[in-house]
Structure formats: C-alpha cells, structure tokens
Amino acid sequence: MGFLDIRHAAYAPDSMIVKAGLDPDNDAYQIKFKIPWQSGEMEGVEGTNPVKYTIRNVRSEHPEAVAQFRMFGRGRVELPWNHTVPVGRYVIDMRISNEGHFCDLDSIFIVIVR
C-alpha cells in the first residue's frame, strides 16, 4: 500500500508576514480583487497520491482566530484578505497523510500578523 516520505518536508521560506489591516490606498488591488494572504507550497514530500495536507493545530494567544486559517493544495497556508486575526505570532502544526500513512509535523510554519 504506497509510501509517504517526509524526511525533507519544509517550507521555503518557513514564515509569512501578514498585515493586520489593509490600507485602502496602498493595498487597493488586494482589496478590489479580494486576494487572500498565501504561503508557498510545502516542498520535499514524496508519496503515493493523493497526499493530503491539513492544519492540525494553530498555537497562539488568540484561539478564537484559529478558524480563519486554512490549508489547501500541497500545504499552502491561507488567510482571507479581510481576516480579523489579531496581531501576534501563529505557529502551525500540520498532518501530511495518504492511504495507510500519516505524519505530524510540529511548528512547521509561522504566520506573523502585524
């Protein structure tokens, strides 16, 4: 039944800085087209498809904001363009899985909201 190898799993870069609020003048394009904040994709994962990437936990001082974080595709972390996540540091733990295999990665990605 397939395989899953995450020995080289990593983000490059491994963090993302997000604005707490958008400026109507400087960020007009992002506002107009509702462009979300997105990380790059996870690199270094090999395995039998389909491989699923999910957020297992988001550690922060603001647990009420965790529901706004989303993960899709090959581990891309996303926040909506109009998020209400408070200023702070958000450390993401994730799970990578496929049929018959899974691996949990702690502190794999950091989102800094300022």
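Predicted model: local features only at pLDDT ≥ 70, side-chain atom pairs only at ≥ 80, totals over all residues.

Modeller: The dialogue below treats the fold, the core, the aromatic pairs and the backbone in turn.

Biologist: How many helices and strands does the protein have, and which pattern do they follow along the sequence?

Modeller: Helices (H or I, at least four residues) and strands (E, at least two) are DSSP runs, numbered from the N terminus. Here there are one helix and nine strands, in the order β-β-α-β-β-β-β-β-β-β. Along the principal axes, the C-alpha atoms fill a box of roughly 55 × 30 × 20 Å.

Biologist: What share of contacts joins residues at least 24 apart?

Modeller: Contact means heavy atoms within 4.5 Å. Among contacts between residues at least 6 apart in sequence, 67% join residues at least 24 apart.

Biologist: What percentage of the residues counts as buried, and what is the accessible surface of the protein?

Modeller: Buried means under 20% relative accessible area, exposed over 50%, and partly exposed in between (1.4 Å probe, protein chains only). Of the 114 residues, 36% count as buried. Areas come from the Shrake-Rupley method with a 1.4 Å probe, and for residues only the protein chains shown count as cover. The accessible surface comes to about 6900 Å², and 52% of this surface belongs to carbon and sulfur atoms.

Biologist: Which residues of the largest nonpolar core touch the most other members?

Modeller: A nonpolar core is a set of buried Ala, Val, Leu, Ile, Met, Phe, Trp, Tyr and Cys residues joined through side-chain atoms within 4.5 Å. The largest one holds 28 residues, of which Met42, Val45, Phe69, Met94, Ile96 and Val111 touch the most other members. At least two core residues come from each of β2 (15-18), β5 (52-59), β7 (76-79), β8 (88-98) and β9 (101-113). Strand β9 supplies the largest share, five residues.

Biologist: Which residues does Val58 contact beyond its neighbours within four places in sequence?

Modeller: Val58 lies in strand β5 and has a relative accessible area of 6%, so this residue is buried. Beyond those neighbours, Val58 is in contact with Val66, Phe69, Tyr90, Val91 and Ile92. Phe69, not counting residues up to four places away in sequence, touches Ile55, Val58, Val77, Glu78, Leu79, Val85, Tyr90, Ile92 and Val111.

Biologist: How many aromatic pairs are there?

Modeller: A pair of aromatic rings is described by the distance of the centres and the angle of the planes. Rings of Phe, Tyr and Trp (its six-membered ring) pair if their centres lie within 6.5 Å; planes under 30 degrees apart count as stacked, over 60 as edge-to-face and the rest as tilted. By this rule the count is three aromatic pairs. One of them joins Tyr11 and Phe109, a tilted pair with 4.8 Å centre to centre and 55° between the planes. This pair links distant parts of the chain, 98 residues apart: Tyr11 is in the loop between β1 (4-5) and β2, and Phe109 is in strand β9. Tyr11 is buried at 7% relative accessible area, and Phe109 is buried at 1%.

Modeller: Another pair is formed by Phe69 and Tyr90, whose ring centres are 5.4 Å apart with planes at 40°, so the pair is tilted. Phe69 is in the loop between β5 and β6 (70-72), and Tyr90, 21 residues apart from it, is in strand β8. Phe69 counts as buried at 8% relative accessibility, and Tyr90 is buried at 0%.

Biologist: Where are the peptide bonds cis, and which residues other than glycine have a positive phi?

Modeller: Most residues other than glycine have a negative phi, and most peptide bonds are trans. In this model, a cis peptide bond joins Ala12 and Pro13, with omega about 0°, and Pro13 lies in the loop between β1 and β2. The bond from Asn49 to Pro50 is also cis, with omega near 0°, and Pro50 lies in the loop between β4 (46-47) and β5. Lys34 has a positive phi near 50°; this residue lies in the loop between α1 (28-32) and β3 (37-38) and counts as exposed at 54% relative accessibility. Ser107 has a positive phi near 50°, lies in strand β9 and is partly exposed, with a relative accessible area of 43%.

Key: Residues numbered from 1 in each chain as written. Heavy atoms only, no water.
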